[in-house]
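Colleague: I'm new to reading protein structures. Could you walk me through some features, one at a time?

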Amino acid sequence: MTRAIVPLAGFLVLAGLFWFVLAKMNQGEYNPRDVPTQFIGRAAPGFALPDLMDPSRTVSPSDMAGKVWLLNVWGTWCPECWKEHEYLVYLAERKKVPIVGINWRDDAAEAKAMLARLGNPFHMIGFDPNSNAAIDWGVYGAPETFLIDAEGIVREKHTGAVNSRVWEEKFKPYFGTGGNAS
């Protein structure tokens with residue numbers, strides 16, 4: 001009898017855990033893609049990358065000093081990046097949100113073609129084909145979006161496509177009551 005109870009108890013514990021995680025996911029409280037970052041509440045890591053559109057220029061977080069802004073890591077090879085692109089264009093054009101891009105592990109010509117076809121939401125774009133900046137930021141996949149405040153502190157991170165829900169819940173509060181960038 002006890003031989004049957006141990007496997008049954010193990011099964012019930014695993015089933016309970018599965019049920020708990022599913023319930024959290026359905027309530028929007030748990031996203032398995034959300035990997036915590038060590039940078040929340042810390043100074044944004046620096047980088048100096050060539051600008052995708054003008055390689056003679058350098059893109060760096062110091063270019064955004066004194067501003068609240070988003071850093072979006074993306075690539076043309078990333079389906080979720082294509083999915084969020086229209087919303088990023090909306091944020092940049094309609095809400096005046098400054099977005100700095102890091103084009104990660106990509107082909108420069110393909111990235112430029114995508115932006116020419118779909119619009120360019122980025123204030124500037126660092127080109128990072130070898131993951132130099134992405135490693136320093138702890139990026140493990142794309143898209144990943146970070147919010148950096150006017151003091152250069154990372155306040156939020158989102159893994160996955162940015163959409164209206166993500167904007168409202170995570171990023172909009174940092175841009176004032178109207179949602180426009182300050």
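Predicted model: local features only at pLDDT ≥ 70, side-chain atom pairs only at ≥ 80, totals over all residues.

Colleague: Let's start with disulfides. How many disulfides does the structure hold?

Modeller: A disulfide is a covalent bond between the sulfur atoms of two cysteines. The structure holds one. It joins C78 and C81, with the sulfur atoms 2.4 Å apart.

Colleague: Why is the disulfide of C78 and C81 called right-handed?

Modeller: Look at the torsion about the S-S bond: for C78 and C81 it's about 85°, so the disulfide is right-handed. Both C78 and C81 are buried, too.

Colleague: Next, aromatic pairs. How many turn up in the whole structure?

Modeller: The idea is to look for rings whose centres lie within 6.5 Å. A search of the whole structure gives six such pairs. Take F39 and W137: their centres are 6.2 Å apart, with 50° between the planes, and that counts as tilted. This pair links distant parts of the chain, 98 residues apart. F39 is in the loop between helix 1 and strand 1, while W137 is in the loop between helix 4 and strand 6.

Colleague: Are F39 and W137 buried or exposed?

Modeller: Buried means under 20% relative accessible area. F39 comes in at 9%, so it counts as buried, and W137 is buried as well, at 1%. Ring pairs also link F39 and W137 with F146 into a cluster.

Colleague: What about a charge over a ring? Which rings does the charged end of R105 sit over?

Modeller: Here you check how far the charged end is from the ring centre. The charged end of R105 sits over the ring of W77, 5.2 Å from its centre. It also sits over the ring of W104, 4.4 Å from that centre.

Colleague: And the largest nonpolar core: which residues have the most contacts inside it?

Modeller: Think of buried nonpolar residues joined through their side chains. The largest core here has 45 residues, and L71, W74, L91 and W137 have the most contacts inside it. Among the elements that give two or more residues to this core are strand 3, helix 2 and helix 5.

Colleague: Last one: where is N103, and what does its side chain touch?

Modeller: N103 is in strand 4. With a relative accessible area of 0%, N103 is buried. Its side chain makes a polar contact with the side chain of D106, at 2.8 Å. Leaving aside neighbours within four places in sequence, N103 is in contact with residues including L52, W74 and F127.

Definitions and conventions. Residues numbered from 1 in each chain as written. Heavy atoms only, no water. Helix = DSSP H or I, 4+ residues; strand = E, 2+ residues; numbered from the N terminus. Buried < 20%, exposed > 50% of the residue type's maximum accessible area, 1.4 Å probe, protein only. Polar contact = N/O pair within 3.5 Å; in protein donor to acceptor, adjacent residues only side chain to side chain. Contact = heavy atoms within 4.5 Å. Phe/Tyr/Trp six-rings, centres within 6.5 Å; stacked < 30°, edge-to-face > 60°. Lys NZ or Arg CZ within 6 Å of the ring centre and 35° of its normal. Core = buried A, V, L, I, M, F, W, Y, C linked by side-chain atoms within 4.5 Å. Disulfide = S-S within 2.5 Å.
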